[in-house]
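Good morning, everyone. Please look at the sequence and the model on the screen, and then we will walk through its inner spaces.

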Amino acid sequence: MENFQTSHRRRRANPHIREIAADVHLSHKEFIQPIFVDEILADRVENEFMTGVFSDTPTTVLRQIENDLKNGVSKFLLFPVPENRYETDFKFDFAAKTIENIKKQFGNDIWLAADLCLCSYTTHGHCGILNEKHDHILNEKTCEVLANYALNLAKSGADCIAPSDMMDGRIKAIRQILDKNEAENTAIMSYSAKFASNFYGPFRDVCKSSPAKNIVLKDRKTYQMDFRNGGDAILSSLRDAAEGADILMVKPALPYLDILTKLRQQTLLPIAIYHVSGEFAAIELLAKNGLIDADAGHLEIWTACKRAGASVIISYKARLAKQILDF
Ligand code: PBG
């Protein structure tokens, strides 16, 4: 037989064959856009480090969503930022009202997931209720409050509840209360593999949700995952699936693609990946300094997420996904 050299470059030779040879194709339909609504704002403000990401007022958010719909975005993840802070007796009226207003205007044209956590509500910025000494989160009490909060949001029209608090047993508690109260169609997207990451900085600025410096419990490491422990992410995700989660999540994105791929092999549920605020801001900062084309950078990362096994991508640039992908 005659010798021939295998060419891999032939499949890279022009845009057409590259398109055919690609094994990943993204659609803007796979994206979720996070939105922030802040109770104290008189007008919307753009986040300093996250280009194109605004903190909206209950009124301006309606215009934002209207625009997003025109750009092919129909799935949203809402972060309410309430004015008041509490230790125990939480009031969730602002979040509930915000959801009601949004759904009143857009109904089933949009799919609205509501982030469920206490970090924007507590005086100390932790995601749950603390004991008196402020050195320990009360798991059961927090789950109870979260479950009631979830029901409130579901009754206000949320299509999906997305618990990001990381308490044990919250998925079960939420599923039970929803099912008992005729909210059986409200989905749960669990932040099931959420790491105690260094990449949440810009988000915590926007949501005013950093843990207070002057208390015993300084960080979220007793409830969010240790990044040296990949097994925990799989175990916790499978547990959340067994408790009734409809969608699982890996968060942040880039440093955890190995977790995503492993989880993909262990479950048939859809898995969302969250490209978080610090990861997003890093690209925008490179772009501001002329070191990257931001859109191309985001596209490369989104594609990597999909290749690693993501069914859904939560990106602060989801509202440009259609435009970027159509290019
Ligand atoms: C709330 C929550 C956080 C994020 C989503 N939900 C912050 C945190 O856990 O401290 C981070 C999202 C981002 O950085 O984009 N618990």
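**Ligand, cavities and a pocket**

Let's start with the shell around the ligand: 10 of its residues are nonpolar, three are polar and five are charged. Here Ala, Val, Leu, Ile, Met, Phe, Trp, Tyr, Cys and Pro count as nonpolar, Asp, Glu, Lys and Arg as charged, and the others, Gly among them, as polar.

A word on the source. This is a predicted model, where local features need pLDDT of at least 70 and side-chain atom pairs count only at pLDDT 80 or more, while totals for chains, interfaces and linings use all residues. Residues are numbered from 1 along each chain as its sequence is written, and side-chain values use heavy atoms, with hydrogens and water left out.

Which residues come nearest to the ligand? There are 18 residues around it, and the nearest are Lys-194, Arg-204, Lys-251, Ser-277 and Tyr-316. Being near means having a heavy atom within 4 Å of the molecule.

Now the polar contacts, that is, pairs of N or O atoms within 3.5 Å. The side chain of Lys-194 has an N or O atom 2.7 Å from an oxygen atom of the ligand. For Arg-220, a polar side-chain atom lies 2.9 Å from a ligand oxygen atom. Lys-251 has a side-chain N or O atom 3.4 Å from a nitrogen atom of the ligand. How much of the ligand does the protein cover? The answer is 100% of the 400 Å² of accessible area that the ligand has on its own. That area comes from the Shrake-Rupley method with a 1.4 Å probe.

Next, cavities. The search uses a 1 Å grid over the protein atoms alone, and a cavity is a set of points where a 1.4 Å probe fits but cannot get out. Lining residues have an atom within 4 Å of a point. Grid points are joined across faces, edges and corners, and a volume is the space filled by probe spheres set on the points.

The whole structure has two cavities of 30 Å³ or more. The largest cavity has a volume of about 170 Å³. Its lining has 19 residues, and Cys-119, Lys-194, Tyr-200, Phe-203 and Lys-251 are closest to its centre. What takes up this space? The ligand does. A molecule sits in a cavity if more than half of its atoms lie within 2 Å of the grid points.

The second largest cavity has a volume of about 80 Å³. Its lining includes Cys-119 and Phe-203. Strand E4 (75-81) and helix H6 (201-207) each give at least two residues to that lining. Helices (H or I, at least four residues) and strands (E, at least two) are DSSP runs, numbered from the N terminus.

On to the largest pocket. A pocket is an open set with protein on both sides within 12 Å along at least five of seven lines. This one holds about 740 Å³ of space. Of its 19 lining residues, Val-24, Leu-299, Thr-303, Leu-325 and Phe-327 lie nearest its centre. Which helix gives the most to the lining? H10 does, with six residues.

Last, the backbone. Most residues other than glycine have a negative phi, and most peptide bonds are trans. Lys-251 and Pro-252 are joined by a cis peptide bond, with omega about -10 degrees. Pro-252 is in the loop between strand E9 (248-251) and helix H8 (257-264). Met-166 has a positive phi, near 75 degrees.

Definitions and conventions
Polar contact = N/O pair within 3.5 Å; in protein donor to acceptor, adjacent residues only side chain to side chain.
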